[in-house]
Amino acid sequence: MNTHTVTVGSLKIGGGHPVSVQTMCNTDTLDIQASVAQCQRVAAAGAQMIRLTTQAPKQVKALARIKNELHQTGITVPLVADVHFSAATAMEAARVAEKVRINPGNFSKDPKRAKALLTDLLDVCKEHGTALRIGVNHGSLPEHIMEQHGDTPDGMCQAAMEYLNVCKEQGFEHVVVSIKSSNTRVMVQANRLLVQYMEQAGMTYPIHLGVTESGSGRQGRLKSAAGIITLLKEGIGDTFRVSLTEAPEEEILFGKLFQPLPPIPLSTTLAHESATTTTLWNRLIVQACYDWAPGLLDGTTDWKTLPMPFVEAPFATKEELVEFSMDLLQATRCVFTKPEYISCPGCGRTQFDLEETVRAVKEATSHLKGCTIAVMGCIVNGPGEMADAQYGYVGEGKGKVTLYKGKYPVMRGIPQEEAVQRLLELIESDSSTNKTPPSTRTTVTGVPFEI
Ligand code: SF4
């Protein structure tokens, strides 16, 4: 898709500029020292944009200090304020950050008021040369969109288009748009549909890609790579974030392997004596997603007819490649042979060790094939964003956890030390009494998602 150029500080997005890779801090933004140190680490890893949680005006002030300290050390990577639930905070942040991300699902409940507030925000952005991202998420669509369109690819696009239409009316060009889902099929189909809607409306806004709450480890990498690379291969996408429940540096190091496309051949990596096993497996993920993900996601490749393993690599055993091939089939939602984990990457709202918790949940539930389990870092956004899951572990803060069944909280205020065991008991008790909740969204196997 041909897009126009959006300037974000020193970075150009769209308009034929190279696709940029970005990440988000998982520090408390009020902890200036920790946030500056993490920004320095991700900048050294190659981050071209860094997002920080910006809940309220005090975080905007902290963001200004972080930016100032980074500039003093020669780091001018553009900073993005991630704002939810507060148009006033977005306006404050637009005076400080190079870009502000807002979510139509929580910018304002009333569509008319949202339009007025967005117009005011665009005025501040124009005055300060700030860019904007309209960031729609599958799990947090506005109420009126849910009523009319449901949480479908079309609903996601309608939510984005409402905001883009205001930007167009106001002659504001410095907008990037994203529509994300943890479901790779929904993410791909929604972005393709968005391109159609924008082309019909004569819009050329750059697109930010991402598979949200994709998890960690190989499963998280496969989901992110499958969705993002499928679209990049079609010429859709100007910037992206690989979302992992790991240190943000890992998102950058893995995301950098997406360029160039087609990927550097594995044989070239193998020829480097310094190539680690992790590098080889990460390169295999990128190569396999480049070769196989589009057909598997669209259903044009019949996975049932593929030899096993269908992915080749000289450094791995046949058994390892069979498991890898099955993981790729799961990431593309063809077949589910392991539990499906949805976990957010964590951010300034997270008040516990999310990475360690995900590891513990995976260890305790690895036998629950086909079950979808979410682990989310906060009670503010977590429940909405994990709406695809059958069970959820959501951090309340202050060492307490709420467990969810589908969309409903079933146990609140559980001490963190007990929560993994209680989650396991909840799932096993449901399974023994046939009360396992159905997944609330599509888990279609091998069938293209209908638009
Ligand atoms: S669910 Fe909460 S903790 Fe996790 S990334 Fe989103 S806002 Fe941050």
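1. Helix α6 (residues 153–169) and helix α7 (residues 184–200) have axes that come within 9 Å and cross at roughly 45°. Axes here are lines fitted to C-alpha atoms, for helices over the stretch in contact, with angles from 0 to 180 degrees between N-to-C directions. That angle makes α6 oblique to α7 (under 35 degrees is roughly parallel, over 145 roughly antiparallel, 65 to 115 roughly perpendicular, and the rest oblique). Helices are DSSP runs of H or I, at least four residues, and strands are runs of E, at least two, numbered from the N terminus.

2. A word on the source: this is a predicted model, where local features need pLDDT of at least 70 and side-chain atom pairs count only at pLDDT 80 or more, while totals for chains, interfaces and linings use all residues. Residues are numbered from 1 along each chain as its sequence is written.

3. Which residues do the two helices bring together? On the α6 side they are P153, D154, M156, C157, A160 and M161, and they meet V186, Q189, A190, L193, L194 and Y197 of α7 (contact means C-beta atoms, placed from the backbone, within 7 Å).

4. Now to the sheet: it is open, with 5 strands in the order β11-β12-β13-β14-β15 and mixed pairing (two strands pair if DSSP finds at least two bridges between them). At its edges lie β11 (340–343) and β15 (408–415), each pairing on one side only. From one strand to the next, the twist averages 20°.

5. Within that sheet, β13 (residues 391–397) and β14 (residues 400–405) run antiparallel and are joined by 6 bridges. Y393 has L403 in β14 as its bridge partner.
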